[in-house]
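Student: Could you take me through a close look at the aromatic side chains of this model? Please continue from there to the parts of the chain that they touch.

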Amino acid sequence: MLRLHRIGDRPIMTPRKAVSWEKSAVLNAAAIHDGGKFHLLYRAVAHNPGDPNRSCIGYAVSDDGIHFTRLDEPVLTSNVVPEEAQGVEDPRVTKIGDTFYMLYTAYDGARTQVALATSTDLIHWQRHGVVIPDTLFGNNKDAALFPEKIGGRYCMLHRPVPDIYLAFSDDLLHWTDHVRIMQPEFAWETAKIGAGAQPIKTDKGWLLIYHGVDEKLWYRLGAALLDLDDPTRVIARQPEWILQPETEWEIVGDVNNVVFTCGAVLLGRELWVYYGAADTVIGLAKGNLDDF
Ligand code: BMA
């Protein structure tokens, strides 16, 4: 059984109180290992009077995956386009060729839609707009792109509440053939599930670390495996969760009892999962794939 183990007993990243755009919380980071370095694109939140919940996306880089250096300015901010007027949230980053693709939640205060941005250096991002509009399935989020074409087409996971869907595209902008691939199944995920980290290729299938929410709104992480050639097929799913809120900083925060991932890195057989804890800080937990 796969169970993640925390690295140390503290978060690896906490909000910089002196930085106006991230003073309240850092959470839900995309994670990618590239060029020998670990990169995080993290959601940063500022609570201000009259503007209590605004998110932007910051960038952090590290040699060891634990100690990160952050930029002084965010790499993606709200208020540039109306669809993102209240924030850009929960990025997942995938590299295809020389390009990094970020799928993220565009939040306008009422609607959450899936938007796409691209970059070649992880710092300068070009917006491509909303790619899964709310006119399709209502509010949507938790989107993650596969790192290669499958059957000649790009593939994306997304989440109209409460299930995980897969969609296909020729150009990354127009998505069709939406298929529901996973529904809540176990007691710890009865309320809803959603993709977590970007899908990771393994010899046995696409590894999907996802989140499950129970009736008491506790967020836990789970693991599933999708067929390499037909990722609409779930070929394995662990009935037990792999990480649940246990430490004080996972239990108490902006939203209590939350562990939520947007990014993981596989180094050999070791899985490094970066996760938002209680929507306030970022933790790191590891596990060995052979236990799955
Ligand atoms: C989800 C997302 C996440 C958040 C989680 C727990 O709906 O909005 O950003 O971490 O709720 O509050």
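This is a predicted model: local features need pLDDT of at least 70, side-chain atom pairs count only at pLDDT 80 or more; totals for chains, interfaces and linings use all residues.

**Aromatic rings and their surroundings**

Tutor: One aromatic cluster is formed by Phe-186, Trp-188 and Tyr-210. A pair of aromatic rings is described by the distance of the centres and the angle of the planes.

Consider the pair of Phe-137 and Tyr-165. The centres of the two rings are 5.2 Å apart and the planes stand at 55 degrees, so the pair is tilted. Because Phe-137 lies in helix α1 (residues 134-137) and Tyr-165 lies in strand β12, this pair ties together parts that are 28 residues apart in sequence. The two partners are to be described separately as regards accessibility. Phe-137 has a relative accessible area of 32% and is therefore partly exposed. Tyr-165, at 16% relative accessibility, counts as buried.

The other pair is that of Trp-249 and Tyr-275. Here the ring centres lie 6.4 Å apart and the planes are at 20 degrees, so the pair is stacked. Trp-249 belongs to helix α2 (residues 248-251) and Tyr-275 to strand β20 (residues 270-277), so that distant parts of the chain, 26 residues apart, are linked by this pair. Trp-249 and Tyr-275 are both buried.

Arg-3 lies over the face of Trp-241, 3.6 Å from the ring centre. Likewise, Lys-286 lies over the face of Trp-272, at a distance of 3.4 Å from the centre of the ring.

Strand β12 (residues 164-169) and strand β13 (residues 176-182) run antiparallel and are joined by four bridges. Opposite Ile-164 stands Met-182 in β13. The hairpin of β12 and β13 has six residues between the strands, and within this hairpin Leu-172 takes a positive phi near 75 degrees.

A tyrosine also takes part in the surroundings of Glu-84. Glu-84 is found in the loop between β5 (69-70) and β6 (87-96). With a relative accessible area of 3%, Glu-84 is buried. The side chains of Glu-84 and Tyr-104 are joined by a polar contact of 2.5 Å. Setting aside the neighbours within four places in sequence, the residues in contact with Glu-84 are Thr-77, Ser-78, Asn-79, Tyr-104, Ala-106, Tyr-107, Ala-115 and Arg-127. As for His-67, it is 17 residues from Glu-84 in sequence, and the C-alpha atoms of the two residues are 30 Å apart in space.

Finally, the cysteines may be set beside the rings. A disulfide is a covalent bond between the sulfur atoms of two cysteines. The count of disulfides in this model is zero, by the rule of sulfur atoms within 2.5 Å. Cys-56 is in no disulfide, and the nearest cysteine sulfur to it, that of Cys-262, is 15 Å away. Cys-56 counts as buried, at 6% relative accessibility. Cys-155 is also in no disulfide; for this residue the nearest cysteine sulfur, again that of Cys-262, is 20 Å away. Cys-155 has a relative accessibility of 0% and counts as buried.

Technical notes
Residues are numbered from 1 along each chain as its sequence is written. Side-chain values use heavy atoms; hydrogens and water are left out. Two strands pair if DSSP finds at least two bridges between them. Helices (H or I, at least four residues) and strands (E, at least two) are DSSP runs, numbered from the N terminus. Buried means under 20% relative accessible area, exposed over 50%, partly exposed in between (1.4 Å probe, protein chains only). Rings of Phe, Tyr and Trp (its six-membered ring) pair if their centres lie within 6.5 Å; planes under 30 degrees apart count as stacked, over 60 as edge-to-face and the rest as tilted. A charge sits over a ring if NZ of Lys or CZ of Arg is within 6 Å of the ring centre and within 35 degrees of the ring normal. Contact means heavy atoms within 4.5 Å. A polar contact is a pair of N or O atoms within 3.5 Å; within protein, one must be able to donate a hydrogen and the other to accept it, and residues adjacent in sequence count only if both atoms are side-chain atoms.
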